[in-house]
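Please look over the sequence and the model before reading on.

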Amino acid sequence: MILETRGIGKSFGSVLALREVSMGVEAGRVTCVLGDNGAGKSTLIKILAGVHQHDAGTLLVDGAEVRLSSPRDALDRGIATVYQDLAMIPLMSVWRNFFLGSEPRKGLLAGAFDVRTAKRVAGEELRAMGIDIRDVDQPVGTLSGGERQSVAIARAVYFGARVLILDEPTSALGVKQAGVVLRYIARARDRGLGVVFITHNPHHAYPVGDRFLLLNRGTSMGEYAKADITREKLTSLMAGDAELEELAHELERE
């Protein structure tokens, strides 16, 4: 197990955002975290990414208990997070965005940006992930949403991520572009990464997921292996069918 939470909890003042949530992330597996708005997904992401520190429970990396002090600390341990805004500059080229903040240097003093290397490596790494970008010189803003997500995934893989956390990567995409992103999630998994796929859409989660953690109002509704839950059951739990049935029975008794 690369990354694991045991009974993690987080409060903001009097607001309990997360309570006793347990999950595990294994190499070469996709753990899907599902829940509607306000379920606690964002809080969980930020604890795993080092943005927030947990108040209760235990966070483990490679079996050792840790408290991530910052996003840099998480990155140093191989935990990379790709947020919805992607942290890309639309007018910059694909290769510039690929190396943004970590530019390769050349020369005795390592002061000059090695443009030739940056272009070559960006192209090679994108192709290695099966990503067909027509021209790495084109502005990243000219790419489709799915293509931009795939560039962000390839960038994280290249810079040594062992755990890749993806924050709602398909939420604003059409069917075709969502399929593109799901394909690259599967490729990251197949390259041995542990992937945490945050989503509110069970139809996107089920095809690529190996384990499914369901959150509701900051608490866990259960963690399931794929062999133990069908797509229909996952969708039913997400839709809150049990709560709707209970409400219907209450109304009938009144």
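The model is a predicted one, in which local features need pLDDT of at least 70 and side-chain atom pairs count only at pLDDT 80 or more, while totals for chains, interfaces and linings use all residues. Residues are numbered from 1 along each chain as its sequence is written, and side-chain values use heavy atoms, with hydrogens and water left out.

A nonpolar core is here a set of buried Ala, Val, Leu, Ile, Met, Phe, Trp, Tyr and Cys residues joined through side-chain atoms within 4.5 Å, where buried means under 20% relative accessible area, exposed over 50% and partly exposed in between, with a 1.4 Å probe and protein chains only. The largest such core has 49 residues, and those with the most contacts inside it are Val94, Leu126, Val151, Ile153, Leu164, Ile185 and Phe212. A second, separate core of 25 residues includes Met23, Val25, Ala74 and Ile198.

Helices (H or I, at least four residues) and strands (E, at least two) are DSSP runs, numbered from the N terminus. Helix α5 (residues 145–158) and helix α6 (residues 175–190) pack with their axes 8 Å apart, at an angle of about 15°, and are therefore roughly parallel to each other, a term used for angles under 35 degrees. Contact, meaning heavy atoms within 4.5 Å, is made by Gly146, Glu147, Gln149, Ser150 and Ile153 of α5 together with Gln177, Val180, Val181, Tyr184, Ile185 and Ala188 of α6.

Helix α1 (residues 41–48) is largely enclosed by the rest of the structure, because six of its eight residues are buried. These buried residues are Lys41, Thr43, Leu44, Ile45, Ile47 and Leu48, and α1 is followed by Gly50, whose phi is positive, near 85°.

| Residue | Place | Relative accessible area |

Not counting residues up to four places away in sequence, Thr31 touches Met23, Gly24, Val25, Val195, Val196, Phe197 and Arg211. With neighbours within four places in sequence likewise left aside, Thr170 is in contact with Ala178, Val181, Leu182, Phe197, Thr199 and His204. Thr170 lies 17 residues from Ile153 in sequence, and the two are 13 Å apart in space, C-alpha to C-alpha.

How values were computed:
Axes are lines fitted to C-alpha atoms, for helices over the stretch in contact, and angles run from 0 to 180 degrees between N-to-C directions. Angles under 35 degrees count as roughly parallel, over 145 as roughly antiparallel, 65 to 115 as roughly perpendicular and the rest as oblique.
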